[in-house]
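Please brief me on this protein chain. Keep it short and group the points by topic.

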Amino acid sequence: EETTDDAIAAISLLRSTPKIDPSRVLLIGHSLGAYLAPRIAAEVPGQLAGIAMLETASSTLPQLILMQTEYLASLQGNLTEQEQQQIDTLKQQVALAESPDLSLSTPASELPMGVPASYWLDLRTYDPLATAASLDIPMFFTQGGRDYQVPPSELQPWETALAGKSNVTFKVYPTLDHLPFAGTGQSTPAEYNVPSHVAAQVVSDLATWVLGH
């Protein structure tokens, strides 16, 4: 409901728009939108011309939240006792979100970010790697080398799951963060506040891929 339904509605609208070739509609997703792009492609009526996934995770969302939190905590150096307790609490919440004991009656306060159990239970039914592997459409991936929200290590499982497919393209950009903006040094949330543009090379590579399909 958060992401998938809106995208499917948008695709339907495009396909019914005059001067739009319904067989040449592609989907581009970033971050959570990229994570769900294979699900959208699998659920939309008819076949998309391709999907592009910019900065997409392969780990589960609870695990990704934990990775991000631990990274941000590491930027501060030594943790206070309170900060360590917060991380320990998050670990317990993540474990519960991925536990067989999770049910609709589990209080949201016991789960990551206070998000209801229904959300985590829904995501459990979705395997992005397997779903992408089942699709026979072109796919395009980008990965920033300085992305702390979706670390570069998240790309390898996608490469493994889609090995052997000739219509999949992977692009890695060493200097880019999650947005993807160019920068140097360790990526931090502060750099998101600096006005910038999506890296020109990403725009160019994405445009070339789109025009090729």
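**A loop residue to start with**

M113 sits in the loop between α5 and α6 (117-124). Its phi is positive, at about 60 degrees, although M113 is not a glycine. M113 counts as exposed, because its relative accessibility is 63% and the cut-off for exposed is over 50%. The model shown here is predicted.

**Overall build**

- The chain holds nine helices and four strands.
- Read from the N terminus, the order of elements is α-β-α-α-β-α-α-α-α-β-α-β-α.
- The radius of gyration is 19 Å, close to the 17 Å that the globule rule gives for 213 residues, so the chain is as compact as a globular protein of that length.
- Along the principal axes, the C-alpha atoms fill a box of roughly 60 × 45 × 35 Å.
- Take the contacts between residues at least 6 apart in sequence: 68% of them join residues at least 24 apart.

**Surface and charge**

- Of the 213 residues, 41% count as buried.
- The accessible surface of the chain is about 11200 Å².
- Carbon and sulfur atoms account for 56% of that surface.
- The chain carries 9 positive and 23 negative charges.

**The nonpolar cores**

- The largest nonpolar core has 41 residues.
- Those with the most contacts inside this core are L48, I51, M53, W120, M139 and F141.
- Helix α4 (residues 61-74) gives the most to this core, with four residues.
- Another core lies apart from the largest one and has nine residues, among them L54, F140, A199 and W209.
- Which residues does M139 touch, leaving aside its neighbours within four places in sequence? Its partners are I51, M53, A132, L162, K165, N167, V168, T169 and W209.

- L96 belongs to helix α5 (residues 81-97).
- L96 counts as partly exposed, because its relative accessibility is 21% and buried means under 20%.
- Beyond its neighbours within four places in sequence, L96 is in contact with L102, T106, E110, L111 and R124.
- L96 and P18 are 78 residues apart in sequence, and their C-alpha atoms are 49 Å apart in space.
- F170 is part of strand β4 (residues 168-173).
- F170 also counts as partly exposed, at 26% relative accessibility.
- Not counting residues up to four places away in sequence, F170 touches F141, L155, W158, E159 and L162.
- F170 and M53 are 117 residues apart along the chain, and 9.6 Å separates their C-alpha atoms.

**Backbone details in other loops**

- E55 lies in the loop between β2 (50-54) and α4.
- E55 has a positive phi of about 55 degrees, although E55 is not a glycine.
- Is E55 buried or exposed? E55 is buried, because its relative accessible area is 1% and the cut-off for buried is under 20%.
- P180 is in the loop between β4 and α9 (200-211).
- The peptide bond from L179 to P180 is cis, with omega near -10 degrees.

Note on methods:
Residues numbered from 1 in each chain as written. Predicted model: local features only at pLDDT ≥ 70, side-chain atom pairs only at ≥ 80, totals over all residues. Heavy atoms only, no water. Helix = DSSP H or I, 4+ residues; strand = E, 2+ residues; numbered from the N terminus. Rg over C-alpha atoms; globule rule 2.2 N^0.38 Å. Buried < 20%, exposed > 50% of the residue type's maximum accessible area, 1.4 Å probe, protein only. Contact = heavy atoms within 4.5 Å. Areas by Shrake-Rupley, 256 points an atom, 1.4 Å probe, with all protein chains shown as cover. Lys, Arg positive; Asp, Glu negative; His and termini not counted. Charge placed at Lys NZ, Arg CZ, Asp CG, Glu CD. Core = buried A, V, L, I, M, F, W, Y, C linked by side-chain atoms within 4.5 Å.
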